[in-house]
Number of protein chains: 2
Amino acid sequence: MTPVATAAGTRELPHPTRAEIRLEGVLHALSDPVRLRIVRDLAADGGALFACSYFDLPVTKSTTTYHFRVLRESGVIRQTYRGTAKMNGLRRDDLDALFPGLLDALLAAAARQAAAVEGG
Amino acid sequence: MTPVATAAGTRELPHPTRAEIRLEGVLHALSDPVRLRIVRDLAADGGALFACSYFDLPVTKSTTTYHFRVLRESGVIRQTYRGTAKMNGLRRDDLDALFPGLLDALLAAAARQAAAVEGG
DNA sequence: CTCGTAGTACGTCGGGTGTCAAACTACGGC
DNA sequence: GCCGTAGTTTGACACCCGACGTACTACGAG
């Protein structure tokens, strides 16, 4: 069996269109420390793509999958398969078009808070 | 009994200090449609204060109390008693100091989305 | 004092969230 | 073909969240 399109074999991931992205969903996605960290790391290296395994998260693989899915379904990141890896990238263009300045303000706020916490 | 300081009689509400405000908490507070609406209304009239009953929310009184408490405990609003009413105001000074530009970006994003939804 | 208005506290309830372990699928290399 | 690596799925779990009704408290007006 498993002729075509098992859940994992689909090789095609559902993303919300730009118009479907909801501010509340984005804020909810970013209100989790793990997910906020992921987005910060993603934004740190420009528009580069990173596999899930690139991130050093304090949770198991299955929890990691869950968090990336929340980020994708809220429209914050875009995920594409590349061989056995799943590459993740910020949807900066869509977010900037929908909510100009928001992503930068959020990233700046996160950086500021991280500096305040780590720096004492 | 109830000589002094019952929970309601305290007439003093716990607020986080500026340093205690966490970005994740603010985002979580704003990720609920009812609370986002409250903050938008609060911001619409400058720094004016409004009683809870000023807002026309699609929930009961007890749920309203809950949402205002979430906003207060996350540091988004400040609540003070004024007779039998409880006045609510945005903590714009604290938020702007902690996360410059964030609140304005969030309000602009919310306004933009509201316009897109209502305007078709 | 009594009444009305504004808001709180408490108990409850269904559903969502974040976490894990274990078993599984998909791809690339050998 | 077989194995390892990367990620998924499922089920379970404890906890939190948003909603409600009811009973309650606080203050001001009369």
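How many bridges join E2(B) to strand E3 of chain B? Six bridges do so, and the two strands, the latter covering residues 85–90, run antiparallel. The model is a predicted one, in which local features need pLDDT of at least 70 and side-chain atom pairs count only at pLDDT 80 or more, while totals for chains, interfaces and linings use all residues. Residues are numbered from 1 along each chain as its sequence is written, chains are lettered from A and ligands numbered from 1 in the order in which they are written, and side-chain values use heavy atoms, with hydrogens and water left out.

The element names follow one scheme: helices (H or I, at least four residues) and strands (E, at least two) are DSSP runs, numbered from the N terminus. Two strands count as paired if DSSP finds at least two bridges between them. In chain B, three strands make an open sheet with antiparallel pairing, in the order E1-E3-E2. Its edge strands are E1 (50–51) and E2 (77–82) of chain B, each of which pairs on one side only. Within this sheet, Gln79(B) stands opposite Asn88(B) in E3(B). Helix H2 (residues 33–44) of chain B lies across E1, E2 and E3 of chain B, at about 80° to E3(B). Such angles run from 0 to 180 degrees between N-to-C directions, the axes being lines fitted to C-alpha atoms, for helices over the stretch in contact.

Leaving aside residues up to four places away in sequence, Cys52(B) touches Phe68(B), Gln79(B), Lys86(B) and Asn88(B), where contact means heavy atoms within 4.5 Å. Cys52(B) and Gln79(B) are 27 residues apart along the chain, and their C-alpha atoms are separated by 9.7 Å.

Chain A also has an open sheet of three strands with antiparallel pairing, in the order E1-E3-E2. Strands E1 (50–51) and E2 (77–82) of chain A stand at the edges with a single partner strand each, so one side of each has no neighbour in the sheet. Six bridges join E2(A) to the antiparallel strand E3 (residues 85–90) of chain A, and Ala85(A) in E3(A) is the bridge partner of Arg82(A). H2(A) lies across E1, E2 and E3 of chain A, running at about 80° to E3(A).

The structure holds twelve salt bridges over all chains, each being a side-chain nitrogen of Lys or Arg within 4 Å of a carboxyl oxygen of Asp or Glu. One of them joins Arg18(A) to Asp94(A), with the closest N and O atoms 2.6 Å apart. Arg18(A) lies in the segment before H1 of chain A and Asp94(A) in helix H4 of chain A, so this pair ties together parts that are 76 residues apart in sequence.

The two chains meet through 23 residues of chain A in contact with 23 residues of chain B. About 1900 Å² is buried between them, with carbon and sulfur atoms giving 66%; buried area is the accessible area (1.4 Å probe) that two parts lose on being put together, summed over both. Glu24(A), Leu27(A) and Gln113(A) supply 28% of the area that chain A buries against chain B, more than any other three residues. Across this interface the rule finds zero salt bridges.
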